[in-house]
Amino acid sequence: MVSYKRLSPEDVQFSNAVLTEEQRPVQDEIPEPEEASLLPRFPSCSVTKVLLVIGCLLLLLCGGWLLVTMFWLHGPSNREPHRPLPPAPAKTPRTAVNDTAAASRREACSLIPEAWRFDCYPERGVVVTREMCEARNCCFIPASSPSSSASRPSGGNGIPWCFYPPDFPSYSLVAINDTSLGQKGTLVREIKTYYPADILTLEVDIRHETDTRLRVRITDPSDARFEVPISVPTATKKAASPDYVVELSKEPFGLIVKRRSSGVVLLNTTVAPLFYADQFLQFSTSLPSQFIYGLGEHRSTFLHDVHWNTLTMWARDVPPTEQTNLYGAHPFYLAMEDGGNAHGFFLLNSNAMDVALQPAPALTWRSIGGILDFYVFLGPDPGSVIEQYVEVIGFPAMPIYWALGYHLCRWGYKTSDSTWEVVKKMRNYGMPQDVQWNDIDYMDQYLDFTLDSTNFATLPELVKDLHTHGQRYVMILDPGISSTQPEGSYWPFDEGLKRGVFIKDAEGKTLIGKVWPGLTAYPDFSDDVTHEWWYENLQRFHDQVQFDGLWIDMNEPSNFLDGSTNGCPSNSLENPPYTPGVLGGLLRGKTICATAQQKQSIHYNMHSLYGLMEAKASASALKRIVAKRPFVISRSTFPSQGMYSGHWLGDNRSQWKDLYSSISGMLTFNLLGIPLVGADICGFSEEPQEELCVRWTQLGAFYPFTRNHNSIDMQPQDPTVFSPLSRTAMKQALLLRYSLFPVLYTLFHHAHAHGHTVARPLMFEFAKDVGTYGIDKQFLWGKSLLVTPVLDPGVDYVDGYFPQGQWFDYYTGDSLRSKGEEVRLQAPLDKINLHLREGTILPTQVPNLTLWVSSRQPLHLVSALSDDGSAAGDLFWDDGESIDTYETDSYSYLIFSVTQKVMTSQVLHSNIEATYITVESASFYGVKEKPSRVMVNSQDATFTYRANQVLTVSELGLNLGRNFTISWM
């Protein structure tokens, strides 16, 4: 049950004067003399004057009585019996007005379409009655289908029965002035809301930061409130030619943002009242369409359902489940508009919140703290929106090369020797593998920075063996530090206690929770002192086991208790006036107390930032320890985390629906600026199924981050344990990934340098094709490589949508011309369908068992020609591991192009690494006629031409670091 403060009707002030008695104005008080008598004073008068006045009054009374009596005696005999007098004339209009106003109000409420009802009583677990609703001065109308799940008399998803009337009080814009960046105004609320501690005067700051970026901040000018401590760009001058137009409504206050070129309304906050109380901030906006994406982290389709769908954000340790707040919080959405334009919206707020979608279409932001600080990104295409968003939150890091290889892990290897045996089997079967991982079973009693000296005594030797074979090792760390070890025996806790790095409870004592090692303290990663302590712990353990990367788990932060061993205080932070729809209904549910104290603020504000701050500390420490690009994978995430870590999609299940939903998760996190993402291949929990594992390995080969991982006590699911047929299919899928490493590496360069997506939704490239807007069973690598995986059991085919144009089978070069339609493709167990988009060139390599070897193999260029015979592609190349090679110009960048039967390679930026690589062959798909002659750098070359219009030139021996041409006639 959600805890909230219910206000009585007496606590509520109404905005409509006819619904309640107006307060009469208080008359000015007249000060009394200092020595006033307790009895009133009268003017002095004589006895004679008093007697005369009394006598006159008596005569008047007697005369009046005689007149009334005579009138009554002469009245008609059939009069009705005597009745009480009617109400005083002065009150008659009041009743009439009340009745008329009530009827008018009911009519106004009834005119609001169901799709445009904005929820006035969003509390969960409450059956809202008419009395409760009207106590909030809101409309109460049961939905037209009360038996339908689409209606909602209580908190949850569905048509609200209690909703705001058109005249619900809000803020007024009472002053507005121009600034160097835009405008700044004052907002005033005259009537308090039904939530406590309204902030009645606000400041709105509208900043035209760039031509495609608008920022709006609504703050309390009298009191500094919590703001999310991430770095964002600081604009210094107003945009010269903005793509947006901003309009202001003064009464009630509202903000309307339009696209200048089309007039499309992107944001309109006048649709519902603005709330800005200490622990309840809410505003709504219309949406230009029902096509909304982002708003992570949730398990859902890629395209969100806007039919009364509330998404809650508050980091939580829970296996991916629909309608549940998951590991991370990302208050950003991308919206499509008619005609293929797109825009984005980002609310920079880390407090617990609900985002309510409704079919108007419209959206409501409902946060319980911080400020309203939001951005609108104008695009105009979806890819540009993400670039503009990432420019604000921070560009993702360029991963170290081996991060893009195949990773293998499980919870339950139990010993280092059994882990080593799996590595050796992978080598013996010729399976590609770059990285071996261990879960918490390598630790001594699950204590961070320890090694089980009995079962994992050979781990240091295993890691050395991995390094000898060009492979790497990653270990898990949880943030919880055991607090129960004998004093002086566990350096991480003893030293942390001495330095004060742990989160404190409301009384200033170290907060104690419980996770795998038992009772634990939680490092406060918002404190720089903690970062140094974390680094020193990692360095000490690295001296023992030379790990290469970090897997940070349980960092929501997770807690097996609710709050702490001592519980949590009973106050408005733990039980706020409004609690968003968090799993379990309590902010402290399976995490630490909201009242816990951190360096930068209370946990109430900092909770969903915990994973981000741990990732930042971990990446910083790894840079210092290994002096290479840090590799960190985190479970909990927040905007800007792509700068420090990747993400895996959590503790999924070995089920076909999890295979399918992983695509949505992967695409969503590419929108959110964390392109290094993937799901646990074959599923984490439940027993693996062989067919599912084959299909998952095929799909997983095209996750940006590819890892097979499963749970303790489950059967092994690494590729070596399955039948020869399945094992071969998995090996082919992984070798295919390794052959495409130059493509993937170049895509990550563009993500790092320009904010591009790596795994890309089809609608990003075909924004005018509405048929692509809901596709989440296929995806692209970059703009050119279409992946169509099998997602159902027992089939040897798959249906895929092909946008208009010509596509080529990646394996054969066979062409497929589409008008924008679905096509059935053959898909035996050993095949994942790949198609090349016309007009593209992909650089590929001969694959090997590790990327260290593969990345040094010769290149094979694959060109898919457009009807006019043109194509283009590029390649980014460096040493694969040095920090900031792009920023320090230590890289090579080449562009390939084909026009008029001539391929040209042009080196735009040169580095010695490219000179170690040769181009050995090239294939051209869509060459309409067999050439009579092929020349390489003006020298004749041998070639082959197949009937499906594929031209192949081999034995080229071209140095990648030099320009070259291949032509035919």
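## Helix H8 and what covers it

Strand E23 (472-477), strand E24 (481-482), helix H7 (491-499), strand E27 (549-552) and helix H10 are among the elements that cover the buried residues of helix H8. Helices here are DSSP runs (H or I) of at least four residues and strands are E runs of at least two, numbered from the N terminus; buried means under 20% relative accessible area, exposed over 50% and partly exposed in between, with a 1.4 Å probe and protein chains only. The buried set in H8 is Thr 530, His 531, Trp 533, Trp 534, Tyr 535, Asn 537, Leu 538, Phe 541 and His 542.

## About the model

This is a predicted model, where local features need pLDDT of at least 70 and side-chain atom pairs count only at pLDDT 80 or more, while totals for chains, interfaces and linings use all residues. Residues are numbered from 1 along each chain as its sequence is written, and side-chain values use heavy atoms, leaving out hydrogens and water.

## The whole chain

The protein chain has 16 helices and 52 strands, and 57% of its 969 residues are buried. Take the contacts (heavy atoms within 4.5 Å) with a separation of 6 or more: 71% of them link residues 24 or more positions apart.

## Two nonpolar cores

A nonpolar core is a set of buried Ala, Val, Leu, Ile, Met, Phe, Trp, Tyr and Cys residues joined through side-chain atoms within 4.5 Å. The largest one holds 233 residues, and Leu 334 and Phe 702 touch the most other members. Helix H10 (residues 610-626) gives this core its largest share, nine residues. Apart from it lies another core of 32 residues, including Cys 162, Tyr 195, Trp 308 and Leu 587.

Back to Phe 702: beyond its neighbours within four places in sequence, its contacts include Met 666, Leu 736, Phe 779, Trp 781 and Ile 832.

## A six-stranded sheet

Six strands make an open antiparallel sheet, ordered E33-E34-E35-E40-E37-E38. Strand E33 (759-760) and strand E38 (815-818) are at the edges with a single partner strand each, so one side of each has no neighbour in the sheet. Pairing takes at least two DSSP bridges between two strands; strand E37 (residues 805-809) and E38 run antiparallel and are joined by four. Trp 807, for one, has Leu 816 in E38 as its bridge partner.
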